[in-house]
Amino acid sequence: MGARIGIIGLGRIGSYHARNLLTTDGVDALVVTDVDARRTSDVASELDVESAADPDALLASGIDGVLIAASSSSHADLIEAAVRRDIPTFCEKPVADSIESSVRVLATAEQTSVPVQIGFQRRFDPSFVAAYDAVRSGELGWIHTLRSTTLDPAPPPISYIEHSGGIFRDCSIHDFDIVRWVSGREVTTVFATGSNQGDRGIADAGDVDTAATVLTFEGGTIAVVSNTRYNGRGYDCRLEVLGSADSVVAGLDDRLPLRSLDPETSFPSKEPYTFFMDRFTSAYRAELEAFLGVVAGRRESPCTPTDAVESAWISEAATHSLREGRPVTITEVKDLFLHDKNEAHT
């Protein structure tokens with residue numbers, strides 16, 4: 001017998017997940033809702049699935065698991081509401097729209113046995129999984145450098161950037177998660193820089209359109225993370241893992257959005273990726289299949305709130321580093337958070 005899954009939030013990614021779930025083994029029924037009642041009605045009608053008036057009604061509808069794809073500002077409350085009802089939960093990143101709320105959700109999740117999975121889909125892409133396995137096998141020797149790249153072809157709307165928390169929190173966090181996951185090590189120090197050459201509205205929102213971050217891990221491994229909102233040739237997402245014995249790369253395929261200038265080279269030869277959804281089609285399906293395993297009790301969450309909050313701390317450190325023009329330690333940002341929290345209670 002398959003699962004009955006609820007979906008909260010029917011925008012671009014929520015609707016995409018709904019369509020994937022409908023063609024995934026192990027799903028018997030969907031129940032959907034969105035803050036926009038018309039969107040709820042339209043999606044439910046198009047997909048021929050049940051609808052609920054609001055998240056509370058959906059959570060009370062007898063679902064086996066819930067997928068949260070609503071706005072970031074609602075993630076914390078929705079995760080907590082689902083966990084209180086003992087409903088296995090999948091939530092798109094971030095855990096919450098602030099580190100304060102993220103830490104609160106983490107504390108709630110740690111007080112219960114209800115599984116929560118956070119949506120970092122790169123962990124399910126075959127090439128990134130192969131990089132993870134290569135590190136674990138020891139075939140690369142000791143890892144000295146990781147290079148993680150996320151280059152978007154065009155920026156999101158300014159209205160999104162104004163509420164996203166900045167490039168390190170809405171974009172780079174995928175890179176921060178994947179280098180931490182693949183390396184198996186924790187970041188100790190962060191140094192970030194950034195600039196603006198595109199839409200002035202991004203700078204006016206207090207953000208940068210291009211950023212580079214250097215992460216130092218315990219043990220000495222270094223990661224270099226590159227991000228931009230303006231990569232005109234297409235969507236470029238790669239991970240290089242360089243070791244003392246061998247080096248590997250994920251994302252180096254025929255749709256890589258780079259144009260080689262070597263006269264003897266025809267690679268890459270296909271149309272470049274233009275969107276993260278066409279780059280990670282199989283990964284999105286695999287992470288939902290993993291979540292269904294979590295719902296059924298066959299496996300533990302493959303990306304816990306603890307994992308997601310650790311990446312959020314790196315984003316916080318990068319944001320501080322950019323503003324202050326200096327390296328920032330993870331310990332420093334955690335201590336600053338605790339200090340501010342204590343000050344708020346005195």
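Q: What makes helix 9 mostly covered or mostly open?
A: Helix 9 is mostly covered, as twelve of its twelve residues are buried. Buried means under 20% relative accessible area, exposed over 50%, and partly exposed in between, with a 1.4 Å probe and protein chains only. Among the buried residues are Phe176, Trp181 and Arg180. The model is predicted: local features need pLDDT of at least 70, side-chain atom pairs count only at pLDDT 80 or more, and totals for chains, interfaces and linings use all residues. Residues are numbered from 1 along each chain as its sequence is written, and side-chain values use heavy atoms, with hydrogens and water left out.

Q: How does the reach of helix 9 compare with the expected value?
A: Helix 9 (residues 172-183) reaches 17 Å from its first C-alpha to its last, close to the 16 Å expected. The expected span is 1.5 Å times one less than the number of residues. Helices are DSSP runs (H or I, at least four residues), numbered from the N terminus. Glycine 184 follows helix 9, with a positive phi near 75°.

Q: Why is serine 101 called buried?
A: Its relative accessibility is 16%, so serine 101 counts as buried. Serine 101 sits in helix 5. Leaving out residues up to four places away in sequence, serine 101 touches Ala76 and Ala96. Contact means heavy atoms within 4.5 Å.

Q: What makes helix 5 roughly antiparallel to helix 13?
A: The axes of helix 5 (residues 99-110) and helix 13 (residues 305-324) cross at roughly 160° and come within 10 Å. That angle makes helix 5 roughly antiparallel to helix 13. Angles over 145 degrees count as roughly antiparallel, under 35 as roughly parallel. The crossing of helix 5 and helix 13 is left-handed. The contact residues of helix 5 and helix 13 divide into eight nonpolar, two polar and two charged.

Q: Why is helix 1 called roughly parallel to helix 2?
A: Helix 1 (residues 12-22) and helix 2 (residues 37-47) have axes that cross at roughly 20° and come within 12 Å. That makes helix 1 roughly parallel to helix 2. The crossing of helix 1 and helix 2 is right-handed.

Q: Which residues of helix 1 and helix 2 meet?
A: Ser15, Ala18, Arg19 and Leu22 in helix 1 meet Val43, Glu46 and Leu47 in helix 2. These contact residues divide into four nonpolar, one polar and two charged.

Definitions and conventions. Axes fitted to C-alpha atoms, helices over the stretch in contact; angles between N-to-C directions. Helix = DSSP H or I, 4+ residues; strand = E, 2+ residues; numbered from the N terminus. Parallel < 35°, antiparallel > 145°, perpendicular 65-115°, else oblique. Left-handed = near helix turned anticlockwise from the far one by under 90°. Nonpolar A, V, L, I, M, F, W, Y, C, P; charged D, E, K, R; others polar.
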